[in-house]
Amino acid sequence: MSDKRKVVIDCDPGIDDCFALMLCIRHLDVVGIVAVGGNTGLQYTERNARYMTELTGRPDIPVYAGYDMPMLNKLVRATEVHGSGGLGTVVIEEPKKQLEKQHGVDYLIDTFMNHDDISLITLGPLTNVAQAILKEPELKKRIPEILCMGGSAFVGNTTPTAEFNIYVDPEAAKIVFESGIPIRMVGLNVTRQNRMTPDDVEILKKMGNPVADFAAQILSFTAGMNGRTGLCDACAVSWLVDPDIITKSAMVHVDVETKGEFTRGMTVCDWREYMGKDPKEDIAHEKQFVQWNPTPNVEVALEFNEERFRQVLFDTIESYGRQ
Ligand SMILES: [Ca+2]
C-alpha cells in the first residue's frame, strides 16, 4: 500500500497539464486520469494523457475520456497557446496504451461514491465534474476536496476578468463552486508569480532523459512565444506535492459569473472582510462594513515560493532518469 496521497486528475493536456502530470505521477498516488476538452479537442487531450502515462513509465494508470464540449457555452479552445494537438509543435505517435471504455463522468461517480480518501485535481474546464455532480448529486458529500487550477483572485487572461478554464465553461464552474465541496483554488494571481523562460529549456535539455527531453520540447513552444510562461497547472498541483510552495492563502467566498457582458467566467472573490482596520489581509486602507457576509467556500492561494517550486519541478523531471 502506498502512503502517498491518492488523487484523480481531470485535465486537458495541454503543455502545462503535462508538467503537472510529471509532478503528480512522481509524488502522488494517481488513481486515474480523466480527460476533458479544453486547451484542444478531447481526441488530443485523452491521447496526450495516455502518452504521459507511458512516457513517465506508468501505463498502468487508467485514462478515461469525459466531455469534449462545454455544457452550454460556445466552443473556446487555446490552440494558439498549446498547438492544435495540445503539445506545441511536438508530434507524438499514437500511444500503445488504450483508453478505458467507461465514460469519464461515470468513472468519477464510481470512484468517489466508493472511496473516501481520494482528492480530485482539476486542471481544465470543469465540464466533467459538473456533469458528474448533476448525474449523481450525492457526490457533493462524497468528494473530500477539489484542488482547482482555475480562475483568479484578481484579473484574468482570456478576458480582463476571466481565466481560461472557467471562461470555457462558466456554467460548469458555477455548479462546482456552489456544490459545497471544499475547494482549493490556484488561480492566475498565483501562477503569474512563476516564470519559466527559454533558459529553462536549456536546463531541461541537459538532463538527458526522455521525460526531460519532452519537457524541453513543449516548454520551448510556450516559453518561446512570449519569452516566459507560468506553467499554471504545474504550479497548482505543487500545493499537494509540497505544501510549503503556497506560502499564503485565504478563505474567501467565490461566485462564478455566468451572465456579465464583460465578466462572464470571472471568479468573483468577496474580499470585503479583508479590508480596513485590523483586516485579515491589508489589501485596502478603508474599512468596509459588510452587512451580508457570505460563508467562504474556497481557499484561495495568494503567495507562491517560486524558487522552491522550480527546485521541486527540476528535481522531479531529473529523477525520471533514475527510474
Ligand atoms: Ca489545463
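I count two residues as in contact if their C-beta atoms, placed from the backbone, lie within 7 Å. I'm working from a predicted model here.

**Entry: helix 4**

Which residues of helix 4 are buried? I wrote down Gly-104, Val-105, Tyr-107, Leu-108, Ile-109, Thr-111 and Phe-112.

**Entry: strands 7, 8 and 9**

I then went to the other end of that strand order. Strand 7 (residues 246-256) and strand 9 (residues 298-304) run antiparallel, and 6 bridges join them. I picked out Ala-250 and found its bridge partner in strand 9, Val-300. Strand 7 is antiparallel to strand 8 too, with 4 bridges between them. There I found Val-256 standing opposite Thr-267 of strand 8.

**Entry: helix 5 and its crossing with helix 4**

Back to helix 5. I see that 7 of its 9 residues are buried, so helix 5 is largely enclosed by the rest of the structure. The buried ones are Thr-127, Asn-128, Val-129, Ala-130, Gln-131, Ala-132 and Ile-133. What do they pack against? My list has strand 1, strand 2, helix 4, strand 4, helix 6 and helix 8 (170-177).

I looked at the meeting of helix 4 and helix 5 on its own. Their axes come within 9 Å and cross at roughly 60 degrees. That makes helix 4 oblique to helix 5. The crossing is right-handed. On the helix 4 side I noted Gly-104, Val-105, Leu-108 and Ile-109, which meet Asn-128, Val-129, Gln-131, Ala-132 and Lys-135 of helix 5. By class, the residues of this contact divide into 5 nonpolar, 3 polar and 1 charged.

**Entry: helix 1 and helix 11**

Another helix pair came next. Helix 1 (residues 15-27) and helix 11 (residues 210-226) have axes that come within 10 Å and cross at roughly 150 degrees. That makes helix 1 roughly antiparallel to helix 11. Is the crossing left-handed or right-handed? For helix 1 and helix 11 it is left-handed. Ile-15, Cys-18, Phe-19 and Met-22 come from helix 1, and they meet Val-211, Ala-215, Ile-218, Phe-221 and Thr-222 of helix 11. I sorted this contact by class and got 8 nonpolar, 1 polar and no charged residues.

**Entry: Arg-26**

I stayed in helix 1 to look up Arg-26. Why does Arg-26 count as buried? Arg-26 has 21 C-beta neighbours inside 10 Å, and the cut-off for buried is 20 or more. Leaving aside neighbours within four places in sequence, I find Arg-26 in contact with Thr-316 and Ser-319. I also checked Tyr-320, 294 residues from Arg-26 along the chain; their C-alpha atoms are separated by 8.4 Å.

**Entry: two backbone details**

I finished with the backbone. Pro-13 and Gly-14 are joined by a cis peptide bond, with omega about -10 degrees. Gly-14 sits in the loop between strand 1 and helix 1.

The other detail is Leu-231, in the loop between helix 11 and helix 12 (232-241). Its phi is near 50 degrees, a positive value in a residue other than glycine. I noted that Leu-231 is buried, with 26 other C-beta atoms within 10 Å.

How values were computed: Residues numbered from 1 in each chain as written. Predicted model: local features only at pLDDT ≥ 70, side-chain atom pairs only at ≥ 80, totals over all residues. Pairing = 2+ DSSP bridges. Helix = DSSP H or I, 4+ residues; strand = E, 2+ residues; numbered from the N terminus. Axes fitted to C-alpha atoms, helices over the stretch in contact; angles between N-to-C directions. Parallel < 35°, antiparallel > 145°, perpendicular 65-115°, else oblique. Left-handed = near helix turned anticlockwise from the far one by under 90°. Nonpolar A, V, L, I, M, F, W, Y, C, P; charged D, E, K, R; others polar. Buried ≥ 20, exposed ≤ 12 C-beta atoms within 10 Å, placed from the backbone.
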